[in-house]
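Please read the points alongside the sequence and coordinates.

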Amino acid sequence: MSEALQNNIAEITPSEWELMRIVWTKGEIFSRELIDLLQAKRQWSDSTVKTLLRRLVNKGLLVTEKQERRFLYKATISETEAMNGSAEQLFDHLCAMKKGKTLLDLVDHVTLTQDDIAKLQKALAEKAQGAPESVQCDCLPGDCHC
């Protein structure tokens with residue numbers, strides 16, 4: 001993934017995420033159908049949705065193709081890539097000592113399936129084999145208050 005696209009993922013607004021989730025679910029979608037779907041969930045005007053579409057095209061996260069008098073939209077990045085990129089950027093900004101606690105808080109906060117839990121347990125068991133006893137603070141050199 002290019003650095004520019006990675007930076008654009010960090011700038012996705014909550015409204016843009018909502019629009020992107022519909023595009024990812026549909027695979028490709030005409031603007032009218034997208035507007036109708038969003039208006040069923042939100043009281044957004046046509047122009048609001050079109051503005052969000054234009055921003056996402058400008059960010060390189062959507063491409064559009066004109067077919068006769070309609071516009072077809074497709075994502076340029078998968079939902080998994082976007083979510084992982086967003087999560088990685090968030091964790092890159094956290095104190096190294098607090099990342100584990102943040103993950104624990106996330107696990108406590110989200111609903112997980114039995115399969116999710118089994119996969120997490122397997123990943124953690126593998127990670128435990130080479131895990132250090134502690135992680136050093138990386139906030140300020142030599143002046144940790146964590």
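At 1% relative accessibility, Leu53 counts as buried, because buried means under 20% relative accessible area, whereas exposed means over 50% and partly exposed lies in between (1.4 Å probe, protein chains only). The model is predicted: local features need pLDDT of at least 70, side-chain atom pairs count only at pLDDT 80 or more, and totals for chains, interfaces and linings use all residues. Residues are numbered from 1 along each chain as its sequence is written, and side-chain values use heavy atoms, with hydrogens and water left out.

**Helix H4**
- Leu53 is placed in helix H4; helices (H or I, at least four residues) and strands (E, at least two) are DSSP runs numbered from the N terminus.
- Leaving aside residues up to four places away in sequence, Leu53 touches Leu19, Ser31, Leu34, Leu62 and Tyr73, where contact means heavy atoms within 4.5 Å.
- Between Leu53 and Leu19, 34 residues apart in sequence, the C-alpha to C-alpha distance is 8.0 Å.
- Asn58 also belongs to H4 (residues 46-58), and its 63% relative accessibility makes Asn58 exposed.
- The C-alpha atoms of Asn58 and Asn8 are separated by 9.5 Å, with the two residues 50 apart along the chain.

**Sheet**
- Three strands form an open, antiparallel sheet in the order S1-S3-S2; two strands pair if DSSP finds at least two bridges between them.
- Strands S1 (28-30) and S2 (62-67) each have a single partner strand and stand at the edges, so one side of each is left without a neighbour in the sheet.
- From one strand to the next, the twist averages 25°; axes are lines fitted to C-alpha atoms, for helices over the stretch in contact, and angles run from 0 to 180 degrees between N-to-C directions.
- S2 and S3 (residues 70-75) run antiparallel and are joined by six bridges; Leu62 has Ala75 as its bridge partner in S3.
- Helix H3 (residues 31-41) packs on the sheet, touching S1 and S3, and its direction makes about 90° with that of S1.

**Largest pocket**
- The volume of the largest pocket is about 970 Å³, a volume being the space filled by probe spheres set on grid points joined across faces, edges and corners.
- A pocket is an open set of points on a 1 Å grid over the protein atoms alone, where a 1.4 Å probe fits, with protein on both sides within 12 Å along at least five of seven lines; lining residues have an atom within 4 Å of a point.
- Its lining comprises 24 residues, with Lys99, Gly100, Leu103, Leu124 and Lys127 nearest the centre.
- H7 gives the most to this lining, with seven residues.
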